Amino acid sequence: MTVTGLPEPWTVRFSKSKSRQYFFNSVTKQSQWEEPEGTDHAALKQHLTNHPLRVRCLHLLIKHKDSKRPASHRCDPITLSKDEALEELSVYQRKIEQGEKFEELAKFRSDCSSFKRGGDLGYFASGEMQPPFEKAAFALKVGQVSGPVETASGVHIIKRVT
């Protein structure tokens, strides 16, 4: 039995096309939707709580002139330096720490089109976001807000919702 609660050599994976988890046997290459026989259900549930297959996050993005696409609904072209973007991001981070709603601040300032939804990116699985963003998002606990995260898109703060 592994820490996942699954019998060897089973692993749990996420199907993007079906938007749900499935189970894969790395020896036989068999996959199935149902938990394999011999699964410790409580251990599997605990593992998936601590190591989710997908998360849902909000973010506030501030682009800078060196971002991969230095334009947004707010400004075209963006002329902020990376340091200026980080400085501005820290202002919003302090506002969140002081109790202002993440969603309202994202609606007001984010350079991502998700600003319309309060920065809500919906659910995403591993491999769907830029690696630094994904690493930070999956490391957060539900309700927790990250520090600044730098990606090719700009600088972000991330709030994990589920």
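Select residues 4-38, which UniProt lists as "domain: WW" in an unreviewed entry. Such annotations may be inferred rather than shown by experiment. The end C-alpha atoms of this span lie 12 Å apart. The span is 0% helix and 40% strand; helices (H or I, at least four residues) and strands (E, at least two) are DSSP runs.

This is a predicted model, where local features need pLDDT of at least 70, side-chain atom pairs count only at pLDDT 80 or more, and totals for chains, interfaces and linings use all residues. Residues are numbered from 1 along each chain, and side-chain values use heavy atoms, without hydrogens and water.

Next, select aspartate 120, in strand β5 (residues 120-125). Is aspartate 120 buried or exposed? Aspartate 120 counts as buried, at 13% relative accessibility (buried is under 20% relative accessible area, exposed over 50%, partly exposed in between, with a 1.4 Å probe and protein chains only).

Move to arginine 109 and glutamate 88. They form a salt bridge, with the closest N and O atoms 2.5 Å apart (a side-chain nitrogen of Lys or Arg within 4 Å of a carboxyl oxygen of Asp or Glu). Arginine 109 lies in helix α3 and glutamate 88 in helix α2, so the pair ties together parts 21 residues apart in sequence. Arginine 109 is buried at 3%; glutamate 88 is partly exposed at 22%.

Finally, show Arg74, Glu88, Arg109 and Asp111 together: a network of salt bridges links them.
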